[in-house]
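Morning, everyone. Let me put the model up, and then I'll walk through it.

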Amino acid sequence: MAKERVIHYRDELNDDFAGNSINTCKITKEFPFAPVSLGWRILEWIAYYVIAMPLVSLFCYVFCGFTFKNRSAVRRLKKTHKGGFFIYANHTHFSDGFVNPIAALPTKVHVIVNPDAVSLKGLRSFVQMVGAIPLPTEISGMPKFMEALKLRLDQGRAIAIFPEAHIWPYCNFVRPFRTASFKYPCKWNCPVIVAAVTYQKHRILKFIKAPRRTVYISEAFYPDTSLPPQEAADKLRNEVYAFLDETTKKYSTYEYVRYIKDDEE
């Protein structure tokens with residue numbers, strides 16, 4: 001019998017089990033958050049639609065066993081809302097970054113990422129072309145970061161956010177998360193779609209121990225414009241959390257990795 005995989009944790013908000021050792025670069029106001037030259041736009045289209053999306057789809061559907069439920073919610077949203085929108089998802093695997101682009105096709109998705117994602121030498125431009133927008137490491141970079149988000153929304157694209165922030169591999173429950181990232185859709189009055197990644201045992205290929213994944217897409221949530229900004233962000237956060245929590249409790253039925261919280265000393 002295979003030995004059970006167990007991870008011990010103390011802090012749901014800050015513990016990270018991604019396991020990389022990248023030397024993170026600084027993201028300041030000089031960073032090109034949203035290049036717009038003609039050459040960039042051409043290469044960006046090729047990188048995303050010709051290279052990345054076919055490979056991502058093959059990986060997710062064939063090798064990871066992904067199934068998507070209610071993808072039509074995105075199409076319904078696009079019929080009634082002409083601008084961009086946000087996608088929030090739980091963060092349980094490096095492949096999470098592929099989930100939102102597939103869910104939103106043909107809309108291009110930009111993912112707000114940790115600076116680690118653009119810190120690999122020689123790959124920064126490609127990573128940006130396929131959608132990465134890194135969080136600034138210095139406050140001086142915030143105005144241009146916000147300008148980049150607004151530009152992409154005005155272009156009708158989607159912005160993906162992982163509010164849990166840190167990867168917990170194969171975690172089958174939703175961790176608590178802060179309200180900060182929900183200020184973005186409230187600021188620009190943009191709708192929000194939620195993608196909940198859930199885990200199940202393989203029904204047919206039972207010899208495969210790693211779980212299959214079913215992604216449940218929510219209908220759109222909208223910021224409550226009758227509330228003050230902070231209260232609107234809190235309400236939106238709670239609605240997104242409720243969908244993720246209820247969906248994973250109902251459909252994430254396989255504990256491939258067991259998480260145990262250590263008692264405080």
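By class, the lining of the largest cavity has six nonpolar, two polar and two charged residues. The classes first: Ala, Val, Leu, Ile, Met, Phe, Trp, Tyr, Cys and Pro count as nonpolar, Asp, Glu, Lys and Arg as charged, and the others, Gly among them, as polar. This is a predicted model, where local features need pLDDT of at least 70 and side-chain atom pairs count only at pLDDT 80 or more, while totals for chains, interfaces and linings use all residues. Residues are numbered from 1 along each chain as its sequence is written, and side-chain values use heavy atoms, with hydrogens and water left out.

On a 1 Å grid over the protein atoms alone, a cavity is a set of points where a 1.4 Å probe fits but cannot get out; a pocket is an open set with protein on both sides within 12 Å along at least five of seven lines; lining residues have an atom within 4 Å of a point. Grid points are joined across faces, edges and corners, and a volume is the space filled by probe spheres set on the points.

How many cavities of 30 Å³ or more are there? The count is one. The volume of the largest cavity is about 40 Å³. Its lining residues are Phe33, Ala34, Pro35, Trp40, Glu44, His110, Gln128, Ala132, Ile133 and Arg152. Helix 1 and strand 5 (132-134) are the elements that give two or more residues to this lining. Helices (H or I, at least four residues) and strands (E, at least two) are DSSP runs, numbered from the N terminus.

On to the largest pocket. Its volume is about 1,500 Å³. It has 48 lining residues, and His91, Ile112, Val113, Asn114 and Ala117 lie nearest its centre. By class, that lining has 34 nonpolar, ten polar and four charged residues. Which element supplies the largest share? Helix 1 does, with five residues. Helix 1 (38-63), helix 3 (96-104), strand 4 (109-113) and helix 4 (124-129) each supply at least two.

Next, the core. A nonpolar core here is a set of buried Ala, Val, Leu, Ile, Met, Phe, Trp, Tyr and Cys residues joined through side-chain atoms within 4.5 Å. Buried means under 20% relative accessible area, exposed over 50%, partly exposed in between (1.4 Å probe, protein chains only). The largest nonpolar core has 71 residues, of which Phe86, Ile87, Leu149 and Tyr184 touch the most other members. Strand 7 gives the largest share of this core, seven residues. Take Ile87. Beyond four places in sequence, Ile87 touches residues including Asn100, Val109, Ile159, Ile161 and Ile193. Contact means heavy atoms within 4.5 Å.

Helix 7 now. Helix 7 (residues 229-251) has 23 residues and spans 33 Å from its first C-alpha to its last, close to the 33 Å expected at 1.5 Å a residue. That expected span is 1.5 Å times one less than the number of residues. Its buried residues include Ala233, Leu236, Arg237, Val240, Phe243, Leu244 and Asp245. An α-helix has 3.6 residues a turn, so residues three or four places apart point the same way. What covers the buried residues of helix 7 includes strand 3 (85-89), helix 6 (183-188), strand 7 (192-200) and strand 8 (212-217).

Now some loops. Pro163 sits between strand 6 (158-161) and helix 6. Is Pro163 buried or exposed? Buried, with a relative accessible area of 11%. Beyond four places in sequence, Pro163 touches Tyr88, Ala89, Phe177, Ser181 and Phe182. The C-alpha atoms of Pro163 and Phe177 are 5.9 Å apart, with the two residues 14 apart along the chain.

Thr92 is in the loop between strand 3 and helix 3. Thr92 is buried, at 1% relative accessibility. Among the contacts of Thr92 beyond four places in sequence are Trp168, Tyr170 and Tyr199.

Last, the backbone. Most residues other than glycine have a negative phi, and most peptide bonds are trans. Tyr170 has a positive phi, near 60 degrees. Tyr170 is buried, with a relative accessible area of 12%. Asn189 also has a positive phi, about 50 degrees. Asn189 is partly exposed, at 43% relative accessibility. Finally, a cis peptide bond joins Leu105 and Pro106, with omega about 10 degrees. Pro106 lies in the loop between helix 3 and strand 4.
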